[in-house]
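I set out to look up several points in a structure and to record each one as an entry. The entries follow the order in which I turned to them.

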Protein chains: 2
Amino acid sequence: MAKLVHNITMKANKRVLIVGGVAAGATCAARLRRLDESCEIIIFERGPYVSFANCGLPYYVGNVIRQEEDLLVATPERFRQYFNIEVRTENEVVAIDRSRCEIEVCDRRTGQRYRERYDALVLAPGARPMRPPLPGVDLPGIHVLRTIPDSRRIRQWIADRHPRRAVVVGGGFIGLEMVENLVGLGLPVTLLERLPHLMPQFDPEMAEPIARHLEQHGVHVELGNPVVGFDEAPSGEILVRTASGAQHSAGIVILAVGVQPESELARAAGLEIGELGGIRVDESMRTSDPNIWAIGDAVEVRDIVTGQWCLAPLAGPAHRQARIAAAAICGRPVRFRGVQNTAICGVLGLTIAMTGASEKRLRQAGVTDYQAVYLHPGCHASYYPGSKRIHMKLIFSSQSGRILGAQAVGAEGVDKRIDVISMAIQMGATVFDLEEAELCYAPQYGAAKDPVNLAGMLAANVLRGDLPLADWNRLYESGALILDVREPHEFYQDHIEGALNIPLSQLRDRMGELPRDREIWVNCAVGQRSYYAVRFLVQHGYRAKALPGGLLTYYGFYG
Amino acid sequence: MAKLVHNITMKANKRVLIVGGVAAGATCAARLRRLDESCEIIIFERGPYVSFANCGLPYYVGNVIRQEEDLLVATPERFRQYFNIEVRTENEVVAIDRSRCEIEVCDRRTGQRYRERYDALVLAPGARPMRPPLPGVDLPGIHVLRTIPDSRRIRQWIADRHPRRAVVVGGGFIGLEMVENLVGLGLPVTLLERLPHLMPQFDPEMAEPIARHLEQHGVHVELGNPVVGFDEAPSGEILVRTASGAQHSAGIVILAVGVQPESELARAAGLEIGELGGIRVDESMRTSDPNIWAIGDAVEVRDIVTGQWCLAPLAGPAHRQARIAAAAICGRPVRFRGVQNTAICGVLGLTIAMTGASEKRLRQAGVTDYQAVYLHPGCHASYYPGSKRIHMKLIFSSQSGRILGAQAVGAEGVDKRIDVISMAIQMGATVFDLEEAELCYAPQYGAAKDPVNLAGMLAANVLRGDLPLADWNRLYESGALILDVREPHEFYQDHIEGALNIPLSQLRDRMGELPRDREIWVNCAVGQRSYYAVRFLVQHGYRAKALPGGLLTYYGFYG
């Protein structure tokens, strides 16, 4: 074990021990040193590595990241040289003696136990992949992915066994990233998701294009079909049994059904644990013990949109928390502002991103006073070659217009729009602010009315009463006349059953054909022409509403 | 001329005439119709087209956009059918009779003049490319680019004459876009810029990589060398004479030296004109005449950062102004919030973007109470293949930390970061907000500490007093010791003359070599290690400051 370098007078100084050195722990340690040269800092890491890029693990499995060392952001040697921080890998903290301000550590290489005293203790143990208690879940060939050794094992398994097919269980971020990487290795992949849609964080209608995209890329997707167990097949493969009765045999199975906070150490020490199982902290990331801080995937945090506690195992917030805990330990006034659940996932050329709350999450939180608009703009000016559609949903407060959340799916420019809206949400912006946003425009980058502007304009039109919206969920029970204002050749290709077709270009001449005593729900391809039509009809006294997002959103709701 | 369709009772209603139908005018007309079915709307456009994508013209010249019709966003027929708006192309408004609320129009095809009465008049005449009054400036083969016919003429000239070399005069947005497109056509290009750096909107040290990039792509760039005149060469080519005495012969010359507002009509009508030559308007885009509005490139607008009037010939603000004028004409309470000069340019794989004020603009406005940080992060996580550097500068208020401006140059991800910072500026955000931004992170999109976060952290470190900054402009007069904390092999490759090299990894052991009575200006590659070193040295009582942005920023200042 490397000895701590005592080249300045720190012996009598504050001693900060950090449990876990992957992401938040490592950042906290480095920040602490920058703020305070005098304290003693030791990182205890159960695994063999500190400061590694765990978000890169799926890409290491897929050999997109080729060298294991590429994943190492900083080595223990670097911590010592740059920061005078001691790192003890393969040393697991097994208990906290709060009354004595001591931890008990087990050196995993020798099995020896020892104790260390702390003035401040930082818990950054992370979260572990869930292994549902299903029959056969521990069969060889069934993998989870959290650490470098995990990914090494998966690589090795594929290299040794040459599996002919893979099953990925779970269609969230890690599941989709694993799908991409297994496909990249040439493996046929089946993706099984318990819920009726992929990306549980998304609203169902926004997730619809994802499954379609995966199928187009040869991935077999089964939704709403929970796995009930695993068997060994006579071939030596694994048989994945599902609730539908279907079985899938595979040479390798990846379990990506979520993570849970590693809060056992904290719980055993009597620290307050939240209802979701995460360590409870205050705004300075301090636990219920004033000498103990907790950061990263193991803690519960406030969702700034709903105000509720949540688990947000995300690297960005983890690093912010780490910096805040470090500053708090140094006595600086700091406050973690909470999370807004900004997240992104790339899968086979599709980008899926969100920020803020989904409708799902709002409903869970009891929020009902919101509305949503849908749009499908190009990622840049349509007149410049190569513009790809972005499917977007913007959710906003019906009263104030405050932006509550956004979801987007598309091939290009998705991350940019979600990042801009994320910044808007952070600053408490309203849809009227999005309308007035001044974003980069040259034809290969955006549009004079950027997708972000368009989302704001649509929402602002709704709030100003200029654009009454129909409700897709009530499509078949509303009794409204469905008016489709696309051109006949478009209508011919596909339309909502029972819809009446009057193209926008003829609407001024033919509005007499429309009933005045019945709601008219106007549809088109993406919601633009229906907006024009609704404006026209409403001003002429018709009870018209627009079906938000047009036929492309219809597909999200009704497949 | 198409007759206005009078299918609803509008004869007695408000009559809105719009002068200019390219961008702002067309948007204003369409928005007006959506807000008010009853008014009569006529667009008068001097040229042959309305609603065309003028930002696409350079790409049409370069044949990236292949068909002229791709540039047409909407046709007069579309305006009539969708919006019941009459469009009169090749009809030039030549005078405004404010006392009678009439305009005088010249039908350019017949030469006939006629008058039309208005209740509201909207001026959207745009801006025209400047043609400096130089000898020979009107020679054939010297082109400006504003309209579809302009770009058609340039295409035709190239097709007919097969020029062997092109000269582009002016290194701003349009100049650089023309360079890209002429290079794309296989033409050797010389770019002449009057100022000592490209992109006049940028600060010089941020523009430095642009010229280098162009040279690497075979473009001959001459800076600080104004054109003094043009001659016909015996070969039939054009001889471009410069102040340095150098001459450049070229088969085609593009003048891209800026635009000036088309405010003559307004001026002749006695409307108030600002000091910069643009039409003066209030917050609802109304001119000094209550029945006349003005929008787009012809008006002066408020810079929201400096509070000063400015000309901002940008499509985004033009469209926002158009919507606001339309709403104002309909009696709605609206307010144009001003511009923040967000702009972007792509040239040969490099993206150049900015938002808010440059240092240059702040100094012009008399603002001195600001600071700037530089950084050079990867566009995404360094451990994922293909991360490219973004050169960034963030300018912020020394007192409040409010973000004043940002500039960025790089191959990828530049537009995203500037858009996020643009939204932050719009919302009055501080650098502390950037520090806490929660942006999309997966390794192919960003980083756990996104470049935007890093910019905020750096600036916040400065404002909290944790990172005293040295001043590159005073490098050679400061008398400070330059300490380079990179490794010896890096130092060997290149360093600031006279610098002392002590690698960060040895600094703890060797700090005794440093003077305590002299300022120490610490340098490294990009500013990260120098930050660590400064934190260490300051806490040990040294008078250390960091040279912001490291050697990569040094190159910006000193080439």
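The entries below concern a predicted model.

**Entry 1. Relation of the two chains.**
I superposed the copies to begin with. Chain B can be laid on chain A by a turn of 180 degrees and a shift of 0.0 Å along the axis, with an RMSD of 0.0 Å. I therefore noted the relation of a two-fold axis. The same surface serves both copies, for 99% of the contact residues of chain B recur in chain A.

**Entry 2. The contact between the chains.**
I looked up how many residues take part in the contact: 67 residues of chain B touch 66 residues of chain A. On the side of chain B that touches chain A, at least two residues each come from helix H3 (76-83), helix H8 (315-329), strand E21 (343-347), helix H10 (414-426), helix H14 (504-510) and helix H15 (528-539) of chain B. H10(B) gives the most to this side, with nine residues. By class, I recorded 36 nonpolar, 16 polar and 15 charged residues on the side of chain B that touches chain A.

**Entry 3. Domains of chain A.**
I found chain A divided into domain 1 (15-127 + 260-329), domain 2 (142-257), domain 3 (343-463) and domain 4 (472-558). I then took up one pair: the C-alpha centres of domain 1 and domain 3 of chain A lie 34 Å apart. Their contact takes four residues from domain 1 of chain A and nine residues from domain 3 of chain A. The side of domain 1 of chain A that touches domain 3 of chain A has two nonpolar, two polar and no charged residues.

**Entry 4. A strand of chain A and its partners.**
Strand E22 (residues 350-356) of chain A pairs with E25(A) in the antiparallel sense over six bridges, and Met354(A) stands opposite Gln407(A) in E25(A). Strand E24 (residues 390-397) of chain A also pairs with E25(A) in the antiparallel sense, over seven bridges. Here His391(A) stands opposite Val409(A) in E25(A). The hairpin of E24(A) and E25(A) has five residues between the strands, and in this hairpin Gly401(A) takes a positive phi near 80 degrees.

**Entry 5. Helix H5 of chain B.**
I checked the length of helix H5 (residues 173-184) of chain B. Its twelve residues, at 1.5 Å a residue, should span 16 Å, and the end C-alpha atoms are 17 Å apart, which agrees. Ten of the twelve residues of H5(B) are buried, including Phe173(B), Glu177(B), Glu180(B) and Leu182(B). The buried residues of H5(B) pack against elements of chain B, among them helix H2 (57-61), strand E10 (166-169) and helix H6 (204-216). Gly186(B), with a positive phi near 90 degrees, follows H5(B).

Most residues other than glycine have a negative phi. Cys101(B) has a positive phi near 55 degrees and is not a glycine. Cys101(B) lies in the loop between strand E4 (91-97) and strand E5 (102-107) of chain B. Cys101(B) counts as partly exposed because it has 18 C-beta neighbours inside 10 Å, and the buried class needs 20 or more. Leu348(B), also not a glycine, has a positive phi of about 55 degrees. The place of Leu348(B) is the loop between E21 and strand E22 (350-356) of chain B. With 16 C-beta neighbours inside 10 Å, Leu348(B) counts as partly exposed.

Definitions and conventions
Residues are numbered from 1 along each chain as its sequence is written. Chains are lettered from A and ligands numbered from 1 in the order in which they are written. This is a predicted model: local features need pLDDT of at least 70, side-chain atom pairs count only at pLDDT 80 or more; totals for chains, interfaces and linings use all residues. Two residues are in contact if their C-beta atoms, placed from the backbone, lie within 7 Å. Helices (H or I, at least four residues) and strands (E, at least two) are DSSP runs, numbered from the N terminus. Ala, Val, Leu, Ile, Met, Phe, Trp, Tyr, Cys and Pro count as nonpolar, Asp, Glu, Lys and Arg as charged, and the others, Gly among them, as polar. The expected span of a helix is 1.5 Å times one less than its number of residues. Two strands pair if DSSP finds at least two bridges between them. Domain bounds come from an automatic or database domain assignment. Copies are superposed by least squares on the C-alpha atoms of residues with pLDDT of at least 70 in both.
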